[in-house]
Amino acid sequence: MLPWWVISMSIIGTNIGAYDYMGAAGGAYRFGIAQANYEWIGAIPAMVLSALLFVPYYWKAGVYTVPEFLGRRYNLAVRVIEALLWGAFLACVLGVFFWAAGLMLNEYLGIPIWVSLLVTATIVGVYTITGGLAAVAMTDVVQLLVMFIGGVALTVLGLWTVGGWSGLVASITPTHPNHFNLFLPLDDPVIPWLGMILGLAFVLSPAWWCCHQAIIQRTLGARSEWDAKAGMMFAAFPKMFIPVLVVLPGLLALSLNPDLVGPDMDRAFPWLIRNLLPAGLAGLVFAAFMAALISSVDSTLNSAATVWTRDIYQRFFVKTASDRHYLNVGRILTFVFVLWAIAFAPVTKQFPGIYVAMQSLLSIFQGPTFAITLLGIGWRRATQWGGLFGLLAGVAISSALFFAAGWSFLYVAWWSFVGALVVTVVVSLLTRPEPTSKLEGLVYGLVMKDDEIQDVISRRAEGGE
Amino acid sequence: MGDWLTGLPLWWGKVIAAVFFLGIAVWAWRRDNRGWRDLRVWASVLMAIQFLLYLAF
C-alpha cells in the first residue's frame, strides 16, 4: 500500500540501470542528443496515456501478467507463442548485458574482452545457480545512489573541463553538425525522424509504458487508484531530466576523446569514469556499475529460466513433478543460457551500439504484441483466431523486414504493429465473436463502464461535482 | 522505407511532434482530486514542456 511518490521513485529507479548509462552514453556519442528521444518523445506521452488510460484499467481489472491476459483474452496458443518470444528475447538480451559488462571491465581494468566475458559469466553463473543475490532490494538502492552520484559528478566535471555548454557545442558542431538536433534526417540509416515518431513514439514507447509487466506491477502496489495514476504521471518529471545523466556524458566523451569508432563508442561512459573522476571515486563508481550490470544479468537469467521452465517445459514436457525437479531443470537451463550468452555477446558488435541492439531485439515482437494487446483490451469483437493470426503475421513481417530487408528497427516496429493490427481485425471479422462471459473483466468497456461505477459517477454528477 | 520519403523536410517532423503533444494535452484536459491533485493539469504541463523542448532542439 504505497503512496504515489514511492511508486514514482520505484518506476524511475528501475528505469535507469547501469546498462542505460552505458548504452545511452554510447548512443549520444554516436547520434548526439537524438539519443534523448528515448527519454522524451519515447517516454513522456506514453506515461501520460498510461496514467490516465491504462493504469485505471489494470487497477479495476485486477492483477494480470500480460501473457496471462493474452491467454485468457485469446487462447493458449497466443500465450505460448508470447512466452517463446519473451524467452528468446531474454536469452539474447543476456548476451548484450554480457557484452556491456565485458566492455566495462576491458576499458577500466584493461583485461582482454574474451577474458572479461568469461569472468562475468563465471561470477554470474555461480551465484545465480547457487541461489541468487540475497538482500537484492537493499543492494539495488545503494548501487542506484552511487551510480547517480557518479553520473552527476561526471556531468559536472566534464562540463567544467570542456568549458561549459557553449564549449561543448563549439567543440562538437564543426565535426558533427547534427549532434545537437533531436531529429535526424530521413536518410539516417538507424534513427531517422519519421522512424522516431512512428516506431518509437507510437509503438515501442506505449508498448513499454502501457503494457509492460514490470511497469504495471509497480503501479499495482499503490494504496489507491489515484496514487497509482499519480505515481506514473509524476514519474514523468524526473524522467525528463535523465538525459542530463545519461546523454550529456556521451557528448562530453566525444568532446574530450573523439577517437572512439564503431563498437568502441560504447566505451564512452567507462572511459569518462577512468579519465575524469578522482581515483577513489572512480573505483567506487566502477564497482557500483559493475555490480549493477551483474545484478541485471542475474535477474534476466532468473526470468529467462523461469519462463522456459514454467511456460514451456512444465506445460509441454513434464506436467507433474516435484518442485525440486523443476528447480533442477531451472539450474540446468541457467547454465545453458550462460553458455548461449557468451556465444551471443560478440553479435552485439553487429549493431550500431548496445542501446540499438536492445531496441532492435525488442522491435521484433513488441509491435505485434502491442497490437493484439491493444485490440484485446479495447475491441470486444477481437477473436482468439484474430489474435493468433495477427501475432503470427506481425512477427513474420518484423522478421522479414529486420533480417531480410535490413530496415531500421523503428520502421520494423511500426510496420509489424500495423500488419498485426490489420490481420487481427480482418480475421476477427471473419470468425465467430467471443461470448460476453469470456470478455468480462478483460475488455476496457466492460471493466471501466461497470454498472456500479457508472452509478457512482451519475450520483456525483447530480450532486454538483 | 522508400526513397521518396527521404525528400520530406525535417520541419515536418517538428510539426507532427507538436500536433502529437498538443493532441494528448487537449485529450487529457477534456477527460477531493482538485487543485494539484487534478492529474489532467499535470498531463497538460508535461506535454507543454515536451512541446517547448522539441521547439528548442
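This is a predicted model: local features need pLDDT of at least 70, side-chain atom pairs count only at pLDDT 80 or more; totals for chains, interfaces and linings use all residues.
Figure 1. A:Ser205 is buried, with a relative accessible area of 2%. The residue belongs to helix α9 (residues 193-211) of chain A. Which residues does A:Ser205 touch, not counting residues up to four places away in sequence? They are A:Ile41, A:Gly42, A:Ala43, A:Ala46 and A:Leu200.

Figure 2. A:Val96 sits in helix α5 (residues 76-109) of chain A. Is A:Val96 buried or exposed? A:Val96 is buried, because its relative accessible area is 1% and buried means under 20%. Neighbours within four places in sequence are left aside here. A:Val96 is then in contact with A:Tyr19, A:Phe344, A:Thr348, A:Ile354, A:Ala357 and A:Leu361. A:Gly394 is 298 residues from A:Val96 along the chain. The C-alpha atoms of A:Val96 and A:Gly394 are separated by 24 Å.

**Figure 3. Two tilted aromatic pairs in chain A.** Over all chains, the search finds 29 aromatic pairs. One of them joins A:Phe54 and A:Tyr58. Their ring centres are 6.5 Å apart, with 35° between the planes, and the pair is tilted. Where do A:Phe54 and A:Tyr58 lie? Both are in helix α3 (residues 44-61) of chain A. They are four residues apart, so about one helical turn separates them. A:Phe54 is buried at 9% relative accessible area, and A:Tyr58 is buried at 10%. A:Trp414 and A:Phe417 form a tilted pair too. Here the values are 6.2 Å centre to centre and 35° between the planes. These residues are three apart in helix α18 (residues 409-430) of chain A, so about one helical turn separates them. Both A:Trp414 and A:Phe417 are buried.

**Figure 4. An aromatic cluster with residues from chains A and B.** One aromatic cluster includes A:Trp414 and A:Phe417. From chain A come also A:Phe183, A:Phe202, A:Phe370 and A:Trp415. Chain B supplies B:Phe20, B:Phe21 and B:Tyr54.

**Figure 5. Chain B against chain A.** Chain B has 57 residues, and 32% of them count as buried. Chain B contains two helices and zero strands. The contact involves 32 residues of chain B and 38 residues of chain A. Together the two chains bury about 3,100 Å² between them. Of that area, 84% is on carbon and sulfur atoms. How many salt bridges does the rule find across the interface? The count is zero.

**Figure 6. Salt bridges.** Side chains of opposite charge can pair when their charged atoms come close. The count is seven salt bridges over all chains. A:Glu39 and A:Lys239 form one, at 2.6 Å from N to O. This pair links distant parts of the chain, 200 residues apart. A:Glu39 is in the loop between α2 (18-31) and α3, while A:Lys239 is in helix α11 (residues 225-246). Both residues are buried. A:Arg267 and A:Glu107 meet in a salt bridge at 3.3 Å, N to O. A:Arg267 lies in the loop between α12 (248-256) and α13 (268-276) and A:Glu107 in helix α5, so the pair ties together parts 160 residues apart in sequence. A:Arg267 and A:Glu107 are both buried.

Figure 7. The closest N and O atoms of the salt bridge between A:Glu434 and A:Lys438 are 3.2 Å apart. A:Glu434 counts as buried at 11% relative accessibility, whereas A:Lys438 is partly exposed at 22%. Elsewhere, salt bridges that share partners join A:Glu107, A:Asp264, A:Arg267 and A:Arg274 into one network.

How values were computed. Residues are numbered from 1 along each chain as its sequence is written. Chains are lettered from A and ligands numbered from 1 in the order in which they are written. Side-chain values use heavy atoms; hydrogens and water are left out. Rings of Phe, Tyr and Trp (its six-membered ring) pair if their centres lie within 6.5 Å; planes under 30 degrees apart count as stacked, over 60 as edge-to-face and the rest as tilted. Buried means under 20% relative accessible area, exposed over 50%, partly exposed in between (1.4 Å probe, protein chains only). Contact means heavy atoms within 4.5 Å. Buried area is the accessible area (1.4 Å probe) that two parts lose on being put together, summed over both. A salt bridge is a side-chain nitrogen of Lys or Arg within 4 Å of a carboxyl oxygen of Asp or Glu.
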